[in-house]
Protein chains: 4
Amino acid sequence: MDVVDYTPQPEQYVWTFGGAPPSHRIKPGTLLRLWTEDAFCGTLRDVTDLPSASLNMPFVNPQTGPFHVEGAEPGDTLALHLVDLTPARGWGASTTIPLFGALTSTDRTATLQEPLPEQTWIYEVNSDRNTVEFVAQSTDLRLELPIAPMLGTVGVAPAAGEVRSSLVPDVFGGNMDTPEMKPGVTCFLGVNVDGALFSVGDGHYRQGEGESCGTAVEGAMHVTLLVDLIKGGAPAWPRIESDDYLSVVGSSRPLEDAWRAGQVDMIRWLGELYGLDAMDGYQLVTQISESPLANVCDANYSAVTKLAKNLLPPADAYEGMHRKLRDLAATL
Amino acid sequence: MDVVDYTPQPEQYVWTFGGAPPSHRIKPGTLLRLWTEDAFCGTLRDVTDLPSASLNMPFVNPQTGPFHVEGAEPGDTLALHLVDLTPARGWGASTTIPLFGALTSTDRTATLQEPLPEQTWIYEVNSDRNTVEFVAQSTDLRLELPIAPMLGTVGVAPAAGEVRSSLVPDVFGGNMDTPEMKPGVTCFLGVNVDGALFSVGDGHYRQGEGESCGTAVEGAMHVTLLVDLIKGGAPAWPRIESDDYLSVVGSSRPLEDAWRAGQVDMIRWLGELYGLDAMDGYQLVTQISESPLANVCDANYSAVTKLAKNLLPPADAYEGMHRKLRDLAATL
Amino acid sequence: MDVVDYTPQPEQYVWTFGGAPPSHRIKPGTLLRLWTEDAFCGTLRDVTDLPSASLNMPFVNPQTGPFHVEGAEPGDTLALHLVDLTPARGWGASTTIPLFGALTSTDRTATLQEPLPEQTWIYEVNSDRNTVEFVAQSTDLRLELPIAPMLGTVGVAPAAGEVRSSLVPDVFGGNMDTPEMKPGVTCFLGVNVDGALFSVGDGHYRQGEGESCGTAVEGAMHVTLLVDLIKGGAPAWPRIESDDYLSVVGSSRPLEDAWRAGQVDMIRWLGELYGLDAMDGYQLVTQISESPLANVCDANYSAVTKLAKNLLPPADAYEGMHRKLRDLAATL
Amino acid sequence: MDVVDYTPQPEQYVWTFGGAPPSHRIKPGTLLRLWTEDAFCGTLRDVTDLPSASLNMPFVNPQTGPFHVEGAEPGDTLALHLVDLTPARGWGASTTIPLFGALTSTDRTATLQEPLPEQTWIYEVNSDRNTVEFVAQSTDLRLELPIAPMLGTVGVAPAAGEVRSSLVPDVFGGNMDTPEMKPGVTCFLGVNVDGALFSVGDGHYRQGEGESCGTAVEGAMHVTLLVDLIKGGAPAWPRIESDDYLSVVGSSRPLEDAWRAGQVDMIRWLGELYGLDAMDGYQLVTQISESPLANVCDANYSAVTKLAKNLLPPADAYEGMHRKLRDLAATL
């Protein structure tokens, strides 16, 4: 097995999907052991560190990569299996950024009100207990919360020559900010350019569904992932398979459109796996889909459609790629 | 304990929140044993029964009630504890209704495309296995799905003299269509008129999050519920407490606004329970909220914000009303 | 010609569409000479009058009526020709209401920001010059603006037994808040209940498109209108005909849905008038429709689709009802 | 005066904002005489030419440029004065593209319905009468419509290293598709990169507000424009000044957000011109803004806020740049 270890230096950070030369050329089947910097480039270390002073916009959400996958061509399907995500620092940070977030006006949901105050929360990591600690600032409340590591950002280079900010999710994946992107899952992404040019970043030690204030418990991450390639079969939207679920992530505005896009692609997937026509698929997702929100704060919102495998007949999506990669991961 | 048993006759069905005289006057503390007709008034019994022939619009979603709760005044909080929901028929039905549903154009998301075909699915109930059976019409796929009974519609009379269709959810509750409205929960609703005038209906034997096609596995239901009253404290949006979760249901369009409304009310609730200010509440829901969709098909969409109690300090919302009613239910 | 003069006393104000007994029973062909109170019930008379102190929510937007039109049955089309609108007071008022308006968060577009301040502007009417005067409060700017009288609210009783607040626009008309509702136009509304039960109110001495802050130059109005009835032909959404334009007003959320609803109904209208199929109608509105916003602040937003008659072949919508009523008005 | 004449060859077409090397380096004050190809690259010439056969996606909306403006730096304001737009061919074309347009489901407003049929309309240009002819396909209706030439696409390279499709409008301008972009106006765009790198394209011989079906009367155009530069003062959103109006174009989803963004920037502009604070500006736009839609079909929707100059005190926006350029144009 080819193995690539890579900890990018700050000058190697990448801020877009598309538009950056590959950091590495790898073969399908490669194991990557990566380090991802946090969304704030590690600048928020104390509750007194505020984004307006510490962040150098638009240089947030640095990406590790992009990786050129040999043989990947437009229309193919990239498979990324998240073997492991382990916090790489002893603290995570979250903050409010003026006019960014779900419960504030923004440059688009524009109002004349004053922005919310900037405020930073630091979450100490307790590795033994596998928790981070929320420390309230208005009371003496402290809460231990389980670490639930995930990657906010997983994506490939967009189609049509576009170059998109690492802050935006869309059909190419990107900043989907869904807690579903966690260890043990396989993410399937349609390839738009030769080599796919995927990258990852924006580790979260935990995040609620919706990422209300715009920033999760952001933290640097050790990322272990297996890369593989399926010829053809590019899905319309990012798909995620775990041992327990099939998921699709749609990203758009308004939020109903993000969800609709994922629903329709899930119905397509049911058609591929079980031969159900669209009306039967529509009926089935109506009764069994779980629909957790991912983010309602980014340039596009993301919503997930999830189907529990235990409600469905066995099926080998992408010729069993998820099982193959999970089994391979188990041998590492 | 006062006990009221009530199976409305068809001429007693109610089609609105507000605008109907009470079926009963009850005291706080009353146990109700009700029967609710299904959303289709029981007319869809076979896959050949189609809504355009069988339904008599707008007479769908019949309500059982309304109940006048003695002593309830505007600004008070009605507590409805769902003791039990048991399917009252051996089958449930789901159907596509032209220009109704999430994955079709509607009279508002208006397009020039042809409506989707009308199609009805019948789900046989297997009481022993506690399942309903999905029977595909385009393949020979059959799937046993667990029964997960819930009420689509729980609400009070609206404020400001309005009378609203039993098809619409809003601040008064109504057709929220969330799987969270299940046995064991306590629903808190703000009272708008003397007596509250609440009603229930629209039982679902199961439903996915989002209710994609517009109709769940609709079925008549035996409903057992305990009614209580808290003076004052009316929440802005319907709140639901279970042994495991605190939830708020927002309803609006676009979908992000439904979710935002629920999030902001949850942050208010955290303030009430723990003294957190809005910024701390914002931060906390960012990291711990679960955000399952309820419906994306009704006149307003509904989205849920849920917080797991095991992540929070113990608290007695509404002076422990949920625990009190759950304990009382356990004695029945 | 039957003539009805009516100036309601405060206790005769009506706050809803539907749910109120008729103030009068009239025949088609009746001329109404009405007085409508302003949206604030005349309580804002000085810049120091603020809504939180002066308004008695939800008692705003008082309606004059409702009028029972003899012979009107569900499915019929009510024709209301606005003969004249004349300001009934020497001043109009506009104000910001906390968490109401387009450029503020609201109970639905919910954020955690502070509400905007309450502030009231008084517009003196200069009858000779036919202007109102904007007086800035942050500078010494004063601007004379032409009076352009319109009715914010024109509607009939809703279908399905609903009773809706006079603040909400929907398929039944209501609080559409469009500057198109001005002297010389004929408004066509589908009848939902016997007698139609229409009412009018919410006069504006002028209003921009969108009604950004939520309140126009609100003022009491002398309203002269002719009432007529067409059997059958109920439009899906309110239609407005002037000497120069055919318009449809859609109301929903998000705003694109309000506009889509009006566009699709306009394409239907083109089919009725010229026999164009939907694709030809789609093409034609694409090239000729004017699309001014009406309001982006009410419980539903309203958007207008307008077609200039001088781009279209002559046609007699509703058998020439508009021309007939306009000619009749000219004789008054 | 520097004059540049440029008719790009097909291999010189540009499909993005950002990401392309400049076709020319020009100085502020330069006159450009350009040719722009139509959105379909001239491939739709007959009603039998359908987009699925004729278009080579994503190669639509070819841009002429980009032009590097010497001295332009991030934060500056580019001024583009449209001296003249003259149809460059004897016909224009419009068409329906499957799953593109306002009154159809799309990849985001995703439904399970069949796409609308592909259909092409050809509009013959009558230069003497200055009209194009709509020819219905379902009836024998033919309509002469005035030519009202405009540019669908005017924009600069985006910020943050992004490269965006020429089909999308956003803060950098781009495919705003507003009939306001017509001869005689000056468009002000914030500069994001050295040299601004602006381009133009997508001529329309006429277009309704909203561009319902997704394509206007698309036609090749002779474009004459004057380029100038203001140091600093970059507006948040594209601004347009004519002899009669000040306008701002916001672009986002949902449509209310596109409009809100433009409204808030207009209030900022009123502050710059007249010293009005935000509340006074809010009040004034409430009473005087015109709000025509631009497009409701592109990747972002665009909405316009327009203020008639005759309602406002005289002011010299951008130090009278519009008047200066209009006067200069009059000498050509």
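A residue counts as buried when its relative accessible area is under 20%. With that in hand, let us take a short tour of this predicted model, starting inside one chain and ending where chains meet.

**A glycine in chain C**

Gly250(C) sits in strand β20 of chain C, which covers residues 245–252. Is Gly250(C) buried or exposed? Its relative accessible area is 0%, so Gly250(C) is buried. Beyond its neighbours within four places in sequence, Gly250(C) is in contact with a set of residues that includes Trp237(C), Tyr301(C) and Ser302(C). Ala258(C), Ala261(C), Gly262(C) and Ala303(C) are also among its contacts. Leu34(C), by comparison, is 216 residues apart from Gly250(C) along the chain, and the C-alpha atoms of the two are separated by 26 Å.

**An arginine in chain D**

Next comes Arg206(D), which belongs to strand β16 of chain D, residues 198–206. Arg206(D) is buried, yet it has no salt bridge. What does its side chain reach? It reaches the backbone oxygen of Pro146(D). The table sets the two distances side by side.

| From | To | Distance |
|---|---|---|
| Arg206(D) side chain | Pro146(D) backbone oxygen | 2.7 Å |
| Arg206(D) | Glu290(C), nearest side chain of opposite charge | 7.2 Å |

Leaving out neighbours within four places in sequence, Arg206(D) has contacts in two chains. In chain C they are Gln287(C), Ile288(C) and Leu311(C). In chain D they include Val132(D), Leu145(D), Pro146(D) and Ala148(D), along with Ala216(D) and Val217(D).

**Where chains A and B meet**

Now for the interface of chain A and chain B. Here 64 residues of chain A are in contact with 64 residues of chain B. Together the two chains bury about 5200 Å², and 62% of that is on carbon and sulfur atoms. Three residues, Met279(A), Tyr282(A) and Gln287(A), supply 14% of the area that chain A buries against chain B, more than any other three residues.

Which kinds of polar link cross this interface? The rule finds zero salt bridges, but there are 44 residue pairs in polar contact, both partners at pLDDT 80 or more. On the chain A side, the elements giving two or more residues are the strands β7 (91–95), β8 (120–126) and β10 (142–146), plus the helices α2 (255–274) and α3 (278–288). The largest share, nine residues, comes from α3(A). By type, the residues on the side of chain A that touches chain B divide into 34 nonpolar, 22 polar and eight charged.

Definitions and conventions. Residues numbered from 1 in each chain as written. Chains lettered and ligands numbered in written order. Predicted model: local features only at pLDDT ≥ 70, side-chain atom pairs only at ≥ 80, totals over all residues. Heavy atoms only, no water. Contact = heavy atoms within 4.5 Å. Buried area = accessible area lost by both parts, 1.4 Å probe. Salt bridge = Lys/Arg side-chain N within 4 Å of Asp/Glu carboxyl O. Polar contact = N/O pair within 3.5 Å; in protein donor to acceptor, adjacent residues only side chain to side chain. Helix = DSSP H or I, 4+ residues; strand = E, 2+ residues; numbered from the N terminus. Nonpolar A, V, L, I, M, F, W, Y, C, P; charged D, E, K, R; others polar. Buried < 20%, exposed > 50% of the residue type's maximum accessible area, 1.4 Å probe, protein only. Lys, Arg positive; Asp, Glu negative; His and termini not counted.
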